[in-house]
Amino acid sequence: MDFTPTEEQAAARDLAARIFGDLSTHERLTAAGTGSDAELWKALCEAGLPAAVEDIGLLGLVLLLEEQGRTTAQVPFAASCVYGLLAVSAHGSAEQRKRLLPAIGDGTVVVTGALPEAAVRVGGSGELSGVVPVVPWLRDATHVLVADDEHGLWLVRTVDARCEPVELTAPWSAGRLTLDGTPGEPLGERERAGERLGGSDADVAGAGQGAYDDVLATARTAFAGLQAGVCAGSVARAVAHTNTREQFGRPLATKQGVQLRAADAYMDTEAIRVTAYEAAWRRDEGLDYATHALTAAWWVSEAGSRVVHAGQHLHGGMGADLDHPVHRHFLWGRQLDAYLGCGSEVLQELGALIVDGEGDA
């Protein structure tokens, strides 16, 4: 395996770092409150970064999301690329790809996902009913990707549904999604897949299950990249603080306890990063990556919470200040800790997947 970025991936990462660094400042984040930064999102789309993900792949997206995480930039970049661009590119029909991909790339269509919830029921004519209590970035989205009780994927226009604002730990412009006979568009050619396989209900459900599993694994990998950036930003702030803050005439960074705590946080961050890279690389290479995505998700939860707690702790009393920049990393890290499954849940899922694999062998 080789995680070395291609020339295109490196160029996109550097451009993202520059845009996030210039626009996702403490002052702008404070002004945005719990909402998204529309000007930053516009700048990213005009630079062609969401559209570039189709070419630079999931590993390229992970690199871009690391840069977002370093600055805790409040834009629906991860959601729209995962649940929109990559999901439609991999599983959408030819017509859906032609219609949606350019609009997702230029930011006029923003997609978020209601995964891993599967609380939606499908009526006889394709109407959807159900409630998803929390959908990140729903307030920014034009479309939301939902899963039915057989894990089939559907695209729903938010104007056709009822969306109510919900506040999360992190400022992710979330909302409560209510569907009541809402029209939905199946992602891809799910019914046709069943017909080609013989037309049974089980075949149709199986076709949907494969897309669901892939999108969920892709999301877990991408958000692992985001968590790696959040943690890297927290560690960087802690290092800067402890090198300048003095106690008894010496910088805090000279104390062994501080050094060990920072070193542990750095190693945890690297573990999140390398597992995200491996899962993303394997997907881009067309290799199985289900267990690798779950491994990355476990590190996101278990190690991510340790890192952001350490970052806040190493700031001492300043870390308790809700207006201090490091507190945003804490909030984002804790939100990502449980998003798409907490550590114990993904560990149980990983164990079941390994046992099933051994049984098949």
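Gln74 lies in the loop between helix H4 (49-71) and helix H5 (77-91). Helices here are DSSP runs (H or I) of at least four residues, strands (E) are runs of at least two, and both are numbered from the N terminus. The model is predicted: local features need pLDDT of at least 70, side-chain atom pairs count only at pLDDT 80 or more, and totals for chains, interfaces and linings use all residues. Residues are numbered from 1 along each chain as its sequence is written, and side-chain values use heavy atoms, with hydrogens and water left out.

Gln74 counts as buried because its relative accessibility is 3%. Buried means under 20% relative accessible area, exposed means over 50%, and partly exposed lies in between (1.4 Å probe, protein chains only). The side chain of Gln74 reaches the backbone oxygen of Gly35 at 2.6 Å.

Two packed helices are described by the angle between their axes and the distance between the axes. For H4 and H5, the angle is about 150° and the axes are 10 Å apart. Axes are lines fitted to C-alpha atoms, for helices over the stretch in contact, and angles run from 0 to 180 degrees between N-to-C directions. H4 and H5 are therefore roughly antiparallel. Angles over 145 degrees count as roughly antiparallel, under 35 as roughly parallel, 65 to 115 as roughly perpendicular, and the rest as oblique. On the H4 side, the residues in contact include Leu49, Leu58, Leu61 and Gln68. On the H5 side, they include Phe77, Cys81, Leu85 and Ser89. By class, the contact of H4 with H5 has 14 nonpolar, 2 polar and 1 charged residues. Ala, Val, Leu, Ile, Met, Phe, Trp, Tyr, Cys and Pro count as nonpolar, Asp, Glu, Lys and Arg as charged, and the others, Gly among them, as polar.

Backbone geometry was examined next. Most residues other than glycine have a negative phi, and most peptide bonds are trans. The peptide bond from Leu115 to Pro116 is cis, with omega near 0°. Pro116 sits in the loop between strand S1 (111-113) and strand S2 (121-122). Ser173 is not a glycine, yet its phi is positive, about 45°. Ser173 belongs to the loop between strand S6 (162-165) and strand S7 (175-183). Leu340, also not a glycine, has a positive phi of about 65°.

Note on methods:
Polar contact = N/O pair within 3.5 Å; in protein donor to acceptor, adjacent residues only side chain to side chain. Contact = heavy atoms within 4.5 Å.
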